[in-house]
Amino acid sequence: MASNEKNPMTNFNLYKYYISFNHDVQLSYKGPIDEHILSVISKYIEVILRKNPIASRKIFKIFIELAQNISYYSAEKNILTNDKEIGSGTIVLGELDEFYTFTTGNMVRDKDIIPIIEKCEYINSLDRDALRKYKREQRKKPSGPKGGAHIGLIQVALTSANPLDVEITSIDDEFSFFSIAVKVLKEI
Amino acid sequence: MKDIIIKGSRDSYIIPSVNFNYRNGICELSGESFLEETAKFYSPLLEWIREYTTKVQKPIVFIFKLTYFNTSTSKCILDFLHILKKYEDNGGDVVVNWHYYEDDVDMQDDIEDYIIDTGIKINLFILD
């Protein structure tokens, strides 16, 4: 690299990045999410939550569905082994006094935002029985191209027993950052 | 017909244990289920149950001991139950038993949803 060219990474301070996470963050990951990452993080979730097996089981279920959504649907792709495209995103597990928070985020194309938001708002408008009914209706539909059951987000809301906290941050004309946070109470 | 025996494993994905026995009609699905290609794994199992209920036509006892399954798997479980219900409606002798952890309220909801969806009777047992 020529000396008059500025390396963009020199503006990146790892310590500032590190302390931007407060002590509530138990785990964070940014990068491609393939089956190996899924496996390692799910085992780690079990380890750090072993004092609370019910919450641990819930966080694990939520993690699998949300992480798989990133892997399949993130607009940011990485090519790993076998030339297979893998979606990239971010995962954060936080712990507060009364509950755990599980947050995932990934890039989405602007044109895909409205259906996601509408789906989340609809899920949040339903009580538990109505949500279960909605899940049963959606599950009867034919599988999607990835073999999914179209009920990942519904299951996440049912498992967490709390609303889906969704946020969209516009990046440019083509992409936005989509984040979804859910709570799991420690005492269930 | 041949028995299907698959030993469950947990590597990157989680494969459930399968033991389908055509001589005594006892079919067990246990462990956890999170697979790369869910339909590809379950298609031969569903085909086996279809063949058993249409050709062998002897009593069948289906035992679920799944402690975790993802949403793609939940669809395949529904397919099993539909086949079993159809067999029962046609005069087949069907028993469905489901073993679950007592503290797993979400699993109880899942089982109840399957009963609502298919109309099949599911006997509940607590896992140790």
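Buried area is the accessible area, taken with a 1.4 Å probe, that two parts lose on being put together, summed over both. Between chain B and chain A it comes to about 2600 Å². Carbon and sulfur atoms give 42% of that area. In chain B, T71(B), K75(B) and D106(B) lose the most area to chain A. Together they account for 24% of what that side buries.

This is a predicted model, in which local features need pLDDT of at least 70, side-chain atom pairs count only at pLDDT 80 or more, and totals for chains, interfaces and linings use all residues. Residues are numbered from 1 along each chain as its sequence is written, chains are lettered from A and ligands numbered from 1 in the order in which they are written, and side-chain values use heavy atoms, with hydrogens and water left out.

Stay with the interface. Contact means heavy atoms within 4.5 Å. By that rule, 25 residues of chain B are in contact with 34 residues of chain A.

Next come the charged pairs. A salt bridge puts a side-chain nitrogen of Lys or Arg within 4 Å of a carboxyl oxygen of Asp or Glu. The structure holds 24 of them over all chains. Between chain B and chain A the count is 14. One of them links D104(B) to R57(A), with the closest N and O atoms 3.6 Å apart. K84(A) and E36(B) also meet in a salt bridge, at 3.1 Å from N to O. This pair crosses between chains from loop to loop. K84(A) sits in the loop between strand 2 (77–79) and strand 3 of chain A. E36(B) sits in the loop between strand 5 and helix 1 (38–56) of chain B.

Helices and strands here are DSSP runs, numbered from the N terminus: helices are H or I with at least four residues, strands are E with at least two. Helix 2 (71–89) and helix 3 (105–118) of chain B each supply at least two residues of the side that touches chain A. Helix 3 gives the most, with eight residues. By class, this side of chain B has eight nonpolar, five polar and twelve charged residues. Ala, Val, Leu, Ile, Met, Phe, Trp, Tyr, Cys and Pro count as nonpolar, Asp, Glu, Lys and Arg as charged, and the others, Gly among them, as polar.

Now turn to the sheet of chain B. Two strands pair if DSSP finds at least two bridges between them. Six strands form an open sheet in the order 1-4-5-6-7-8, with mixed pairing. Strand 1 (4–6) and strand 8 (123–126) are the edge strands, each pairing on one side only. Inside the sheet, strand 5 (26–33) and strand 6 (60–69) of chain B pair in the parallel sense over eight bridges. There, E32(B) has Y68(B) as its bridge partner.

Chain A has antiparallel pairs. Strand 3 (85–95) and strand 4 (99–109) of chain A are joined by six bridges. L93(A) has F102(A) as its bridge partner in strand 4. A hairpin of three residues joins these two strands. Strand 4 of chain A also runs antiparallel to strand 6 (175–185) of chain A, over eleven bridges. Here M107(A) stands opposite F177(A) in strand 6.
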